[in-house]
Each structure stands twice: as C-alpha cells, then as structure tokens.
Amino acid sequence: MPGQRGSNVEDAGATASRDARRHELHFPPLRNGADYLVSVVDHLTKDEVGPRDLKYAVLHLQAAIEVLLKERLSREHWTLVFSDPGQASFRRFHEGDFESCTTKQAVQRLRSIVGCDITDDERSALIALAADRNALQHYGLTQNAHAVEARAGRVLDFLYRFIHTELINPTIGTPDERLSYELNYVITGVRSIDAFVKQRMRRLRGDLKGHEPRTIDCPSCGQNALVLAASQPRHRCFFCEMHFHRAEIMRFILTRRERGFRRECPRCQDHALIDGLRVASESASAPVCFTCNCVVPEARDILIEEPEEREM
C-alpha cells in the first residue's frame with residue numbers, strides 16, 4: 001500500500017538520522033573542555049592513582065586549558081587565537097588550519113586585552129602544566145604523584161571558576177543539564193584533591209617546624225614545603241619528596257615570572273637574591289637569598305635596580 005510504503009521510508013529515515021547522531025563526534029568548546037576536566041577528576045580521585053592515571057591527567061588537563069582559554073579569546077575576537085594575529089585568516093580559522101597561540105600567549109592576551117582576572121600564581125601554574133605536558137609528550141616525564149595532584153587541583157579550581165566567570169552568562173547559569181552535571185562533578189573532585197593536600201600539609205607541620213624562614217614554594221608541587229638546606233647542595237620538598245639544586249629552583253622562579261631578576265644579597269654579597277617569594281615565616285612576600293638559603297628581611301629596604309642577568 002502506498003501509505004504503508006511512505007511510512008516505512010519515514011521510519012527508515014528517522015532510524016538513519018538517529019544512527020548518524022549517535023556516531024557523530026560533536027563536542028563544542030565549552031562541553032569539550034568540561035569533558036576533559038571530568039576525565040582529569042576520574043584519573044586523580046581513584047583509591048590508587050597509578051602512572052597511567054597521572055599521564056592522562058596531565059594530558060587532559062592541558063587540553064582543557066587550551067580549549068577553554070582559546071574559546072574565551074575567540075569570543076573576544078577570532079584573530080586572538082592565532083599565534084600571530086596579524087597573519088589571521090577567517091577562512092583558515094573556520095577550517096581550523098592555523099597555528100594557534102601558546103598557553104603563555106593565551107594567558108597574556110586574556111590578562112592584557114580581554115581583562116580577565118588571572119593572578120600571577122595562576123599564570124605560573126598554567127604555564128608549568130604546559131611545560132609538563134610538553135615534557136611528557138615529547139621526552140617522557142618522571143613526576144611525583146603528590147606533585148601532579150597538588151598542581152592539578154589548583155588548575156582545576158581555576159578552570160572551574162574561569163568557566164563560570166568568563167564562559168557562562170552568570171544571569172542565566174547553564175541550561176545544559178549535561179554540562180551542569182559535569183561541572184558539579186569537577187568541583188566535587190577539586191574539593192577531594194584539596195582535602196588530600198590539606199591533610200598531607202597538616203601531617204608535615206612537625207617536619208617543617210623551625211624551618212619557616214627557609215621554607216618556600218616548591219617548583220614541582222607548588223606547596224609551601226621546600227626547605228632550603230643550610231649546608232646541603234640539594235634542597236628537599238617535604239610535600240612531594242623532590243630534591244632540587246639551587247640553580248634549578250632559581251631558574252624555575254625566574255622563567256615562570258613576567259618580571260623577575262636576581263640581585264646582590266646585603267649579607268653575603270652574592271648575586272643570588274630574588275624578591276617577592278612566599279616564605280613560611282613571613283606574612284607578605286619576601287626577598288630570599290639562595291646562597292644564605294633563607295629570607296633576608298633587610299633587603300626590603302634596599303633600592304631595587306634591575307641588574308644585568310648573569311649565569312646561575
């Protein structure tokens with residue numbers, strides 16, 4: 001019968017349409033970034049976090065950073081996503097055929113052009129994670145599980161807030177139920193990681209007691225648990241158990257800052273003093289000498305003139 005045949009054709013068409021949707025890869029930027037964050041939480045909140053979990057946590061967290069930061073840049077203007085906006089092409093942008101900006105460039109543009117509120121500490125954490133991803137992707141990466149989890153927790157927290165302040169209209173929230181579920185899942189994971197970090201830091205209070213003037217933020221995990229040893233060539237972080245030479249710490253600090261230099265220490269006269277570090281004994285940022293291996297309060301009163309950079 002003609003009517004029945006038409007009905008069969010319509011049913012077949014509807015089935016084909018559903019099958020096409022089922023096999024269609026559709027992840028718009030915001031959903032794509034949130035999906036990566038869910039994967040990070042999955043990998044880092046297991047009872048036993050293994051090397052493979054750490055690997056994919058780093059890779060997927062960096063992927064989320066790139067997707068979400070560049071989505072905000074493109075909303076400001078599509079040319080900002082290009083490595084060189086002066087060479088931007090609208091056709092290449094829509095085809096995805098171009099070299100995009102680095103994480104460092106994206107953060108700088110978000111701060112200076114878009115006006116996003118990204119602190120220096122958040123900037124450092126984002127750039128450090130990009131370096132970890134590059135090392136893992138191209139050269140292999142040996143990293144401490146505690147360090148990865150602590151850094152990931154800070155970046156997850158930042159990205160969760162970034163999504164809500166920069167990518168979701170605060171007056172309407174998000175009508176996407178799936179996205180709402182994913183973001184709630186992410187913030188639960190952030191709280192779990194944060195609780196782990198705080199619990200471990202509480203357990204370390206006894207080990208760190210008495211070393212406060214020589215305790216700074218660790219380049220690896222970011223926790224205020226790296227003790228500058230008074231007479232040892234290597235310095236230990238009690239949180240992630242990593243050990244560093246003086247030059248490694250100084251190089252990390254200076255390369256992660258937009259502004260930063262070494263100057264002469266008034267105590268030892270060595271060119272090894274860096275300003276503006278977080279020290280456990282100080283209520284505000286302080287100058288630290290990496291030859292004296294401690295905070296040097298009197299250096300605050302000395303006029304700072306940027307010296308010529310020397311080898312470490």
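Trainee: How many cavities of 30 Å³ or more does a search of the whole structure find?
Mentor: The search turns up 1. Keep in mind that this is a predicted model.

Trainee: How much space lies in the largest cavity?
Mentor: About 40 Å³.

Trainee: Which residues line the largest cavity?
Mentor: A57, V58, L61, L129, D132, V148, R151 and A152. By type, the lining has 6 nonpolar residues, no polar ones and 2 charged.

Trainee: And which helices supply at least two residues each of that lining?
Mentor: α3 (51–76), α6 (120–138) and α7 do.

Trainee: Let's take L61. Leaving aside neighbours within four places in sequence, what is L61 in contact with?
Mentor: L37, V40, Y56, L129, A152, V155, L156 and L159. Of those partners, L129 and A152 also line the largest cavity.

Trainee: OK, the core now. How many residues has the largest nonpolar core?
Mentor: It has 81. L61 is among those with the most contacts inside the core, along with L37, L156, L159, F239 and F290. The largest share of this core comes from α7, with 12 residues.

Trainee: Switching to α8. What does α8 reach from its first C-alpha to its last?
Mentor: 40 Å, close to the 39 Å expected. Helix α8 runs over residues 177–203, 27 residues in total.

Trainee: Which α8 residues are buried?
Mentor: L179, E182, L183, V186, I187, G189, V190, I193, V197 and R200.

Trainee: What do the buried residues of α8 pack against?
Mentor: Against α2 (29–44) and α7 (145–167).

Conventions:
Residues are numbered from 1 along each chain as its sequence is written. This is a predicted model: local features need pLDDT of at least 70, side-chain atom pairs count only at pLDDT 80 or more; totals for chains, interfaces and linings use all residues. Side-chain values use heavy atoms; hydrogens and water are left out. Helices (H or I, at least four residues) and strands (E, at least two) are DSSP runs, numbered from the N terminus. The expected span of a helix is 1.5 Å times one less than its number of residues. Buried means under 20% relative accessible area, exposed over 50%, partly exposed in between (1.4 Å probe, protein chains only). Contact means heavy atoms within 4.5 Å. On a 1 Å grid over the protein atoms alone, a cavity is a set of points where a 1.4 Å probe fits but cannot get out, and a pocket is an open set with protein on both sides within 12 Å along at least five of seven lines; lining residues have an atom within 4 Å of a point. Grid points are joined across faces, edges and corners, and a volume is the space filled by probe spheres set on the points. Ala, Val, Leu, Ile, Met, Phe, Trp, Tyr, Cys and Pro count as nonpolar, Asp, Glu, Lys and Arg as charged, and the others, Gly among them, as polar. A nonpolar core is a set of buried Ala, Val, Leu, Ile, Met, Phe, Trp, Tyr and Cys residues joined through side-chain atoms within 4.5 Å.
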